[in-house]
Structures are given as C-alpha cells and as structure tokens.
Amino acid sequence: MALAMKRLLSIFTVLMCLAFSARADEPAKTPAVKFLEANDGLEGARCMKIDGLMLRMARPTLKKTPVLAILDELESFYMFSFKEGKESEEKTFQSNAMKALNKYIKAGEISDDVSRMYIFLNQQEGNVFHEMVLLNVWPTTSMMVFHGDFTEESLRRMDEISKKQRAEGSGILSGMYRNGELPE
C-alpha cells in the first residue's frame, strides 16, 4: 500500500512539473491578445481562445472560409465578438483596437457589401509572420487573432479565396448585415 502511494505521489509530482514547465514555455502575450483579454468583460462581448481539441473541432467550419489557406500553419486563434452590444460600445472598441494595433503592419483593408475589415500582421521574420489580426468593423464588430507560422504565399492564397468568396457571395459571412443596412 505504501509503495502504491509513493508511485501515485511520484506520478502526481511529474505531472505537476510538466504542467509548470508547459506554462513557462508559453509565449508572452502579444499586444493584440492583451487588448482582447482586457476587453473580455465588456457587456455583450465574448472572447474565446481556440486551440488544441477545439481547433480540431472547428476545422470543418474553418475550411469554408479563407482561413483554409492557413489552416495547416494555424496553432491557435482568439475570437472576440459582440453579441447584441450597443453601437457606442462597439465604436469605442473599434477606436481602441486601432490604437492597440498601431505596432502592427496594416496589411490590408476590405470594404464591400459583405463587410468592412482591417488586416494587421506582426513583424516579419524572414518569410514568416507569427500573428495575424482581422478587425471587422461592419456589419458587426469582431476581432480575430491568429497564431502560427504564416508565409507570404499562404496569406496571398487566403486573399484569393476571400476575393473569390466575396465575388460569389458565398462563404460564412454571406448574409450577415445589421438590420439589413448596407455599408456607407
């Protein structure tokens, strides 16, 4: 009995050490992630980190979006969205997000009858970006922060898929309008 308890204690100790070492290896939080976490408490808003098993479960849905182009390189992502937020809170969030993302490279802007979105990338290391931020400001406010090793080629492919889906009116974003209102 005492031997079994010692083994159990040894296993427990090893597991605890592994848990602490895994936390120590976790990368520092980026400005975009810090911003999302700081705003997680806003009324009508929700922030969620998707990784591991949740990411594998989300793959079928992500394959219907331009994220398909970076899916193999995707390690995790954060989703932040307003459910039924007040427009004034959303406008404040958008303004603060743009300020928080000023350290990033503004890689693009999409404005059409489907959505209005800004795309930001972190600093490039060779041919690789490790973080991409999509800030959607219309028809609803949302922000996604993707982590992985994204190449310029995979990001170009993502843009091609996005343009094709927008031209066809297909994809996950089709039909999402606030009160049927078109963008200005």
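This is a predicted model: local features need pLDDT of at least 70, side-chain atom pairs count only at pLDDT 80 or more; totals for chains, interfaces and linings use all residues.
Threonine 141 sits in the loop between β5 and β6. Its side chain makes a polar contact with the side chain of glutamate 90, at 2.7 Å.

Another residue has its place in that loop between β5 and β6, and that is proline 139. The peptide bond leading from tryptophan 138 to proline 139 is cis, with omega near 10°. For background, most peptide bonds are trans.

Now the sheet. How many strands form it, and in what order? There are six, running β1-β2-β6-β5-β4-β3, and the sheet is open with antiparallel pairing. At the edges are β1, residues 45–51, and β3, residues 105–111, each of which pairs on one side only. On average, neighbouring strands here are turned by 15° against each other, if direction is ignored. As a reminder, strands of a sheet pair through backbone hydrogen bonds, either parallel or antiparallel.

Strand β2, residues 74–82, and strand β6, residues 142–151, are joined by seven bridges in the antiparallel sense. Phenylalanine 80 stands opposite methionine 143 of β6.

Which strands does helix α2 touch? Helix α2, residues 31–38, packs on the sheet and touches β1, β2, β5 and β6, and its direction makes about 155° with that of β6. Helix α4, residues 87–100, also packs on the sheet. Its contacts are with β2, β4, β5 and β6, and its direction makes about 150° with that of β5.

Next, the interior. In soluble globular proteins, nonpolar side chains tend to be buried together. In this model the largest nonpolar core has 22 residues. Those with the most contacts inside that core are Leu62, Val67, Ile70, Leu74, Met132 and Phe146. Two or more residues come from each of α3, β2, β4, β5, β6 and α5.

What does isoleucine 70 touch, leaving out residues up to four places away in sequence? Isoleucine 70 touches Met132, Phe146, Phe150, Ser154, Leu155 and Met158. There is also a second, separate core, with 20 residues, including Ala32, Phe35, Tyr118 and Met143.

Conventions
Residues are numbered from 1 along each chain as its sequence is written. Side-chain values use heavy atoms; hydrogens and water are left out. Two strands pair if DSSP finds at least two bridges between them. Helices (H or I, at least four residues) and strands (E, at least two) are DSSP runs, numbered from the N terminus. Axes are lines fitted to C-alpha atoms, for helices over the stretch in contact, and angles run from 0 to 180 degrees between N-to-C directions. Contact means heavy atoms within 4.5 Å. A nonpolar core is a set of buried Ala, Val, Leu, Ile, Met, Phe, Trp, Tyr and Cys residues joined through side-chain atoms within 4.5 Å. Buried means under 20% relative accessible area, exposed over 50%, partly exposed in between (1.4 Å probe, protein chains only). A polar contact is a pair of N or O atoms within 3.5 Å; within protein, one must be able to donate a hydrogen and the other to accept it, and residues adjacent in sequence count only if both atoms are side-chain atoms.
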